[in-house]
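Please keep the sequence and the model in view while reading.

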Amino acid sequence: MKKLNMNNFIAIMVIIFLGYTGSVFSQSSEAVNARSSGMAKTFTSSSYGIDAIGKNTANLFQDSSKHVELITPLPLPNLSINAGTNFFSLNDYNYFFGVKNKDANGKDIGRILTPSDKDRLKNLFSDGGNIFFDGSFMLFGISVQPTKSFGTIAFTISDIISANATFPKSIIDIAIDGNISNSVYNFNDTQFKAWWLRKYSFSYAHEINIFPHIFKSLTAGVSINFIQGFAYAGIDRINTQLQTGDENVITGRSDYLAHAAFSSSFNVKYDFDKTAKTNNSFSLFPTPAGTGTGLDFGINAKLSDFFSIGLALTDIGSITWNNNTAEYSTNKALYIDDITNKDQVDTLKDHLTGKNSGKYVNSFSTKLATAVHMGCSLQLTNLLLAFDYNKGFNDQPGNSTLPRFSVGTEWIPKWWVLNFRTGISVGGYEKFNWGAGLGLNFGLFELNFGSPDFEDVFAPNDTTRIAIAFDSKWKF
């Protein structure tokens, strides 16, 4: 039997992943702040004031002497960034790709994998190879509580940029085991979604005087979110597989559907659009490619002076993309019997990547990253202990259908301006987090710093991601 050229064969396999993501995107979340990041993303019953927006709006209402809270880019912007993978660390990269060997001709080659190396590499992808980026930035926020009887109102403007991608396991199997004849490679686990959204939130929270014999106090809050979408790219469906046969024969089917939309301010040119594009200057307020509405709802109940429970539903709603919207789709049989035939290889690549399959469409819709959050907290004299359960209802950018549990704590030493925070999170696509952070409370304003992945400071070579958050808040 004639063997396929491995370099060409693996390259074709990688095209499946890069083609789906690239053909859409390269044409050009849990809401956490520094305090909750330091507590390993624990927030449902332990967030306070304007920090509760996007988490549990009920906690916007406060029994506090501070009646106004203000978030501005100064003295510190309200910024959170979390990026990386759930499977590949710096040590792994150095082990598999950082070693240089010499072949018989003195040419540099990579590590020669032993059977145990191959098993190790496969195990890294056993739970799926997820790559992600989540970034949020609050441009402006204000909350006002004139009186306790009136309740608290708030307005915030936030930007969210998120992307999730899952690398198909079959590519690793091919790269490690080679072109085994009569094998089927399924790429249905490939995922890719990314967006940039701006959210204008109008929120209100109030104390509810019901069930006084059960609850010491009960608050409820709601946020109505008006959303502008500036960019979206995502795979909606993928059902592609290849089968290797004897004598260099590859058969299969390429079947997928993907959508994209970009603000006209970005001057994005799709590969099927032959018209000239004009250069547009950068703007903090781009023309939306889509609009939508969302709803956040939350309740928080005090069972005693010390113990509270909370429940919240966030990002209930959808976005309609109707500006500069495109669709990529293909459903074609694949066949190649000569890996050295350029025409056959090019045709295979075109079918896999969806070349010439794109077209403009009037509109399409995507759901928001809807999620449920449940938690409880115990407030002692100078110590807060909190527990959270979080779960997304879909796989939209920044969301995960995998449940996540976390425990967080905040210690506020008496007469100190420093607040110390830490926590542990288990589950979700990140699997494990140890969070740590601190706050500086000067009365008039706060400064907060935190990371949900503080363990990486002590073991940087084992890190799979980078996460940091910082913010400031004025209080009057």
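In which sense, left-handed or right-handed, does α3 pass α4 in their crossing? The section on helix packing returns to this point.

## Basis of the model

The model is predicted: local features need pLDDT of at least 70, side-chain atom pairs count only at pLDDT 80 or more, and totals for chains, interfaces and linings use all residues. Residues are numbered from 1 along each chain as its sequence is written, and side-chain values use heavy atoms, with hydrogens and water left out.

## Overall composition

The protein chain contains seven helices and 23 strands; these are DSSP runs numbered from the N terminus, helices being H or I of at least four residues and strands E of at least two. Of its 476 residues, 51% are buried, where buried means under 20% relative accessible area, exposed over 50%, and partly exposed in between (1.4 Å probe, protein chains only).

The chain exposes about 21800 Å², and carbon and sulfur atoms supply 62% of that area. Accessible areas come from the Shrake-Rupley method with a 1.4 Å probe; for residues, only the protein chains shown count as cover.

## Helix packing

α3 passes α4 in a left-handed crossing, meaning that the near helix is turned anticlockwise from the far one by less than a right angle. Helix α3 (residues 90-97) and helix α4 (residues 115-124) pack at an angle of about 145°, and their axes are 12 Å apart. Axes are lines fitted to C-alpha atoms, for helices over the stretch in contact, and angles run from 0 to 180 degrees between N-to-C directions.

On the α3 side, the contact (heavy atoms within 4.5 Å) is made by Asp 92, Tyr 95 and Phe 96, and on the α4 side by Asp 117, Arg 120, Leu 121 and Leu 124.

## Salt bridges

A salt bridge is a side-chain nitrogen of Lys or Arg within 4 Å of a carboxyl oxygen of Asp or Glu; the count comes to 13. One of them joins Lys 473 and Glu 69, at 3.6 Å from N to O. Lys 473 lies in strand β23 (residues 465-475) and Glu 69 in strand β1 (residues 68-71), so the pair ties together parts 404 residues apart in sequence. Both Lys 473 and Glu 69 are buried.

Arg 465 forms a salt bridge with Asp 453, their closest N and O atoms being 2.7 Å apart. Arg 465 and Asp 453 are both buried. Salt bridges with shared partners also join Arg 35, Glu 410 and Arg 421 into one network.
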